[in-house]
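Keep the structure open while reading.

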Amino acid sequence: MILAKREGNAFQTLKGHTYDALRIYKEYLERNFDVVDNFCNRWQIPTEKFIKNTFFTIYLHDIGKITEEFQNNIIKGKRSNKHPHPLYALPIIDSIEFDYLFDIPIEVFAILSHHTQLYNNLYADYQQYKKGTFLIEEIKEFIKNSKDAYESLGFSKFFEFEELKINEIPKDAKPLELHKLRRKYWIETNNYIKSLSFDEKIKLKSIFSFMFAILQLCDDFASLNFSEYAKDKEGTFEDVLENLEIYVPTLDIKNPISLILKGYEPYKFQKELYNSKNKFVILFAPCGRGKTEGALLWALNALKNFKRNKIILAMPTQVTSNAMYDRLIKIFGEENVGLFHGKSFIKLKDSKEIDDEEDLEEIRDENFKGNVFFKPITITTIDHVIYSFVHGFSQADFALGNIQNSVIIFDEVHYYEKYTLEHLLTLFDILKRMDIPHLLMSGTLPSFLMNKLEGYEIVVDEEGLNYKPFKLEYLENHLIWKENGEWKVDGYIINEIIENYKKGVSQAIILNTVERAKEFYKAIKDKVPAILYHSQFAYRDRVKKEDEIFTLEEMRKNQNKPYVIVATQVIEISLDMSVDVMYSELSPPDALGQRAGRLHRKGRNWKENGKEYKLKIFLPYKHLPYSKELVEKTINYIKFYEKPLNYRDIKDFVDNVYKDYNLSIPSDLKLFFDEAILFGRHWTDISTIDEEGRFFKVRDDKFMKIEVVPQVYFDELGEDSLKAEYMAKIPAYLILNEMKNEEGMIHFYPYEKRVGRRTRKYIICSFKYNYEIGFDYKEEEEFEDIL
């Protein structure tokens, strides 16, 4: 009896695990045959052949476990990296005559990488491996029994079985011979890839990743199911899988309009989106007009129109991802909505209020599902989507395989700075070449962006663009400034804010740097109830702040209770809130438009409800974090927009300021994508586990930041504080400055913690920190990159 899995004192046979995996595959085909058939037709490959080859890839994926060494180790409860079963499978599969989909064996590479994602040096260090002894008769018997699996599991409805012909199987898996065979496969495949055009490479990448994703789905969840089934059991088991539908979730919405709009009549642009038959769409609509609802209507219809099975919402930030997740689980249910970003584990844990270690496994499972876009709907960041295309994380090929049959919604595409926008435009080109439907949303739709986008249907909220929800006023003085080394705040504005609050007016004050926001907050907090929000709080505190702001917003809506928020530009896109008056330091017009999206949301006129809704703009104390040229251009044009504004005016403002703005595409995303068609670099060379770029960066890090643990949390919790939720990002210059001091670092010190075989390094920061303000750097010179 050949074993494949062990959980405690319970074992599962290779046949049992393989049958469980194939049963998930069968369920996938039953529920998604139209999706698979459409995928194959898109790429002009025979559907039957794709299904058959995927069947054999799944059937043979663990055949490398049929060695004396693996069988002895699993019985003894030992794990050994010296006997890698995916690599041991290579000489076995090499001895089988097989009709591959391509001139290179992508099926073999799927098997080789089902535990470790493909990269240039996978299994290259052959000297670390030990010889494996093949159980030849058992291998032949297992291969012969593939026909029994085909017949008993009901695959005859999908393809005709062809007997696998086996040539001579070597007696042993010798490291040097494995190395030679592996090297032959790598060289031949790399030469083949080099001979392809870019579109042919895209075809190869798409088909490999989809097949690989199906293999991973079947293997991972068959293994997970046995782990759960075998708890507290003993003995040896065959196939044990039940409730197949939970491993192949699908979305079946009978009445999308009713579900999404909750009985409200759709706006004209929402109807256009719902009825659209276009794969590539741009939506131009103001903030607060139901862009997301319209996009979801398009996406739900796109699933049917284009035979796809998943919706992905790609958001600008982790905060917006969290907010969208909270919003969509109320519509579609937790079982249908996933979440993933660099800190999503914390959000998921907090949302379920789980601390028990056993329950944390549930959260890890949820986080993994978000990582690979397992559920029918997944909310993520644009970073994670892009890293899926360049081997930017350990499950990137799994995720990209699921993207192949998704529709993607990109929120606020105009929001990004030039570096990231060039990556996005490059990505959009790749998505079109892959025939992946996507919709781009924008509240300003600048011409410099439109000029780079061809072949998209443009849907415009004409009605919403005519509304003038606020009036812009420009004041040529500062909200806050330094005088003789001391911060000064405009006393007139402070008094105005106090009087407004007494009248029931909700207000936001937006500063361009964290330090100015903190100082303004200190000047007002004892005079009027206020909350401070910026990016340098520990992650758990940011989440609490967001919840607090959400509560304040609900009280405003339901009880007419005003609030005051002091924030940086993180407010531009991260919070679903609406104030009556906004005081803001001047920023480029696209940023001002985003900030204004938090002012009188859903409003039609700047004078209504007995109030005057105003956006009051002040000169910034310094131009950074924006370029001096951009700030000066904005100052030159803003005088033409001192009036009640609609979003056509804002678009015009943007187009004037950015009329000489040039985007350079393709970005180096294309180079890294090309490098990772099958192999490429190891994912840890591309990005960190939190998706901070290394060799490839999604965002410009000209203003470097580092993660630190506030001393106050370390003192309170010890090593329990060395978790992502207690870390805050602060400007790297703070630590670099102290490194230059003769007396050494004063406010920072390293801390090391052993985690398994590894030593993880942390930085503890002793600057005063609290939930209200964040860090208080006191005498440190303000550094204007702080957002």
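The model is predicted.

**Charged patches**

Start with the negative charge. Glu 137, Glu 138, Glu 141, Asp 148 and Glu 151 gather in a negatively charged patch on the surface. Two helices, α6 (136–144) and α7 (146–152), each supply at least two residues of this patch. Which helix gives the most to the negative patch? That is α6, with 3 residues.

Glu 138 is one of the patch residues. Its place is in helix α6. Glu 138 is partly exposed, because its relative accessible area of 37% falls between the 20% and 50% limits.

Lys 76, Lys 78, Lys 82 and Lys 130 form a positive patch. Lys 130 sits in a loop, between α5 (106–112) and β4 (132–133).

Leu 736, Met 739 and Met 745 make a nonpolar surface patch of about 290 Å². Met 739 belongs to helix α31, which spans residues 732–740. Is Met 739 buried or exposed? Met 739 is exposed: its relative accessible area is 55%, and exposed means over 50%.

Helix α31 also has buried residues. They are Ala 732, Tyr 733, Leu 734, Ile 735 and Glu 738. What do the buried residues of α31 pack against? They pack against four strands: β26 (705–710), β27 (728–731), β28 (748–755) and β29 (758–765).

Arg 699 lies in the loop between α29 (683–686) and β26. Arg 699 is partly exposed, with a relative accessible area of 28%. Leaving out residues up to four places away in sequence, Arg 699 touches Pro 316, Ile 382, Asp 383, Tyr 416, Glu 417, Tyr 419 and Thr 420. Arg 699 can also be placed relative to Thr 426. These two are 273 residues apart in sequence, while their C-alpha atoms are 14 Å apart in space.

**Exposure at a glance**

| Residue | Relative accessible area | Class |
|---|---|---|
| Glu 138 | 37% | partly exposed |
| Met 739 | 55% | exposed |
| Arg 699 | 28% | partly exposed |

Terms used
Residues numbered from 1 in each chain as written. Predicted model: local features only at pLDDT ≥ 70, side-chain atom pairs only at ≥ 80, totals over all residues. Heavy atoms only, no water. Patch = residues over 30% accessible without salt bridge, like charges linked within 9 Å, V, L, I, M, F, W, Y side chains within 5 Å. Areas by Shrake-Rupley, 256 points an atom, 1.4 Å probe, with all protein chains shown as cover. Salt bridge = Lys/Arg side-chain N within 4 Å of Asp/Glu carboxyl O. Lys, Arg positive; Asp, Glu negative; His and termini not counted. Charge placed at Lys NZ, Arg CZ, Asp CG, Glu CD. Buried < 20%, exposed > 50% of the residue type's maximum accessible area, 1.4 Å probe, protein only. Contact = heavy atoms within 4.5 Å.
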